[in-house]
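Good morning, colleagues. Please look at the sequence and the model on the screen while I take you through some of the features.

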Amino acid sequence: ICLQVPELEKATVRIRQLERVRGIIRSLREQGVAKLQVISDFDMTLSRFGCNGRRCPTSHNILDTSRVISEDGKKKLKDLLHYYYPIEIDPNRTLEEKRPLMVEWWTKAHELLVQQKIHKSDIAQIVRESEAMLRDGFKEFFDQLHKNNVPLFIFSAGVGDILEEIIRQANVFYSNVNVVSNYMGFNDDGVLTHFKGPLIHTYNKNNTVLQGTGYFQQLSTRTSIILLGDSMGDLTMADGVPSVENILKIGFLNDKVEERRRKYLDSYDIVLESDETLDVVNGILRYILAE
């Protein structure tokens, strides 16, 4: 497989069970394009983690630090981050402990944003002024999937309106792209009044959120999956898909690499360490989609 997908030789690539991964990639190719779908996280997976030594913003960060948020609002949002983020990444807490706290965090953050009376018309400009960047190779990634009619399902605990705008401004928001995320609700004057349910946070990205979306039913024949994520919470994103035949899980290990390597290698088939590109994903797609 490494001959057909030379990108797997990159220094950033770690694979625990090479033979198994080869088998999955081969099966994905044999099953063919008509059975394939890609399920991906957005923040720090399709978007970059860092650039020139600085952290890139997530879709929440873009909003939280933008000019439409008051100084007081910014401080309160930062306080929430400092309190809840260590809980989110604490390896010693169980998911059962974390889930209600994540709901609490997202709910409080959304309430703060609603108080800011954000205008729908400001969103495009907020994104334009931000430092958001998609990973290198994003154009080939989106183009390949679109050209081959492969559905790309983006499952994000971020802010849907912001991440859609990032994709739109990159000129890759094609018809095969579907997003499930936290969307803003605006009143008739275009002012943010609420966030639409259901709430999606880091640890409930699974079929419970998707029941009744009809999205997975309509894709029930797409039994080959490439899953892209950067956290443990992303591993459940395909749980709503009926009768999965093949699934290849690719994880971006962006941060605290030494500390987290083992856990990622236990959970993901392919781990990409501090890799700001989609090279490996594109290489695998090229091989699978080749005539």
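Which way do the residues of strand β11 point, and are they buried or exposed? The model before you is a predicted one. In strand β11, residues 270-273, I270 and L272 point one way, while V271 and E273 point the other way, and all are buried.

Let me turn to the neighbours of this strand. Strand β1, residues 13-14, pairs with β11 in the antiparallel sense over 2 bridges, and R14 is the residue opposite V271. Strand β10, residues 246-253, runs parallel to β11 and is joined to it by 4 bridges. Here L253 has E273 as its bridge partner in β11. E273 also belongs to a network of salt bridges that links it with R14, E258 and R261.

I now come to the domains. The domain assignment divides the chain into domain 1, made of 6-51 + 134-289, and domain 2, which is 54-129. Their centres, taken over C-alpha atoms, are separated by 22 Å. At the contact between them, 32 residues of domain 1 meet 29 residues of domain 2.

D43 deserves a separate word. This residue lies in the loop between β2 (36-40) and β3 (50-51). D43 counts as buried because its relative accessibility is 13%, and the cut-off for buried is under 20%. Leaving aside residues up to four places away in sequence, D43 touches T58, S59, S156, G158 and D230. D43 and L134 are 91 residues apart in sequence, yet their C-alpha atoms are 9.1 Å apart in space.

Next, the salt bridges. How many does the structure hold? The count is 27. One of them is formed by E245 and K35, with the closest N and O atoms 3.3 Å apart. This pair links distant parts of the chain, 210 residues apart: E245 sits in the loop between β9 (224-229) and β10, and K35 in the loop between α1 (18-31) and β2. E245 counts as partly exposed at 46% relative accessibility, and K35 is partly exposed at 28%.

A further salt bridge joins the side chains of R67 and E129, at 3.0 Å from N to O. Because R67 is in the loop between α2 (59-64) and α3 and E129 is in helix α5 (residues 123-129), the pair ties together parts that are 62 residues apart in sequence. R67 is partly exposed at 49% relative accessibility, and E129 is partly exposed at 46%. D90 and R93 form another salt bridge, in which the closest N and O atoms are 3.5 Å apart.

L81 is in helix α3, residues 71-89, and counts as partly exposed at 34% relative accessibility. In an α-helix, residues three or four places apart point the same way, because there are 3.6 residues a turn.

Helix α11, residues 279-289, is mostly covered, with 9 of its 11 residues buried. Among them are V280, I284 and I288.

Finally, I draw your attention to a hairpin. Strands β7 (residues 184-186) and β8 (residues 192-195) pair in the antiparallel sense over 3 bridges, and F186 has L192 as its bridge partner in β8. The hairpin has 5 residues between the strands, and G190 takes a positive phi near 75°.

Methods. Residues are numbered from 1 along each chain as its sequence is written. This is a predicted model: local features need pLDDT of at least 70, side-chain atom pairs count only at pLDDT 80 or more; totals for chains, interfaces and linings use all residues. Side-chain values use heavy atoms; hydrogens and water are left out. Two strands pair if DSSP finds at least two bridges between them. Buried means under 20% relative accessible area, exposed over 50%, partly exposed in between (1.4 Å probe, protein chains only). Domain bounds come from an automatic or database domain assignment. Contact means heavy atoms within 4.5 Å. A salt bridge is a side-chain nitrogen of Lys or Arg within 4 Å of a carboxyl oxygen of Asp or Glu.
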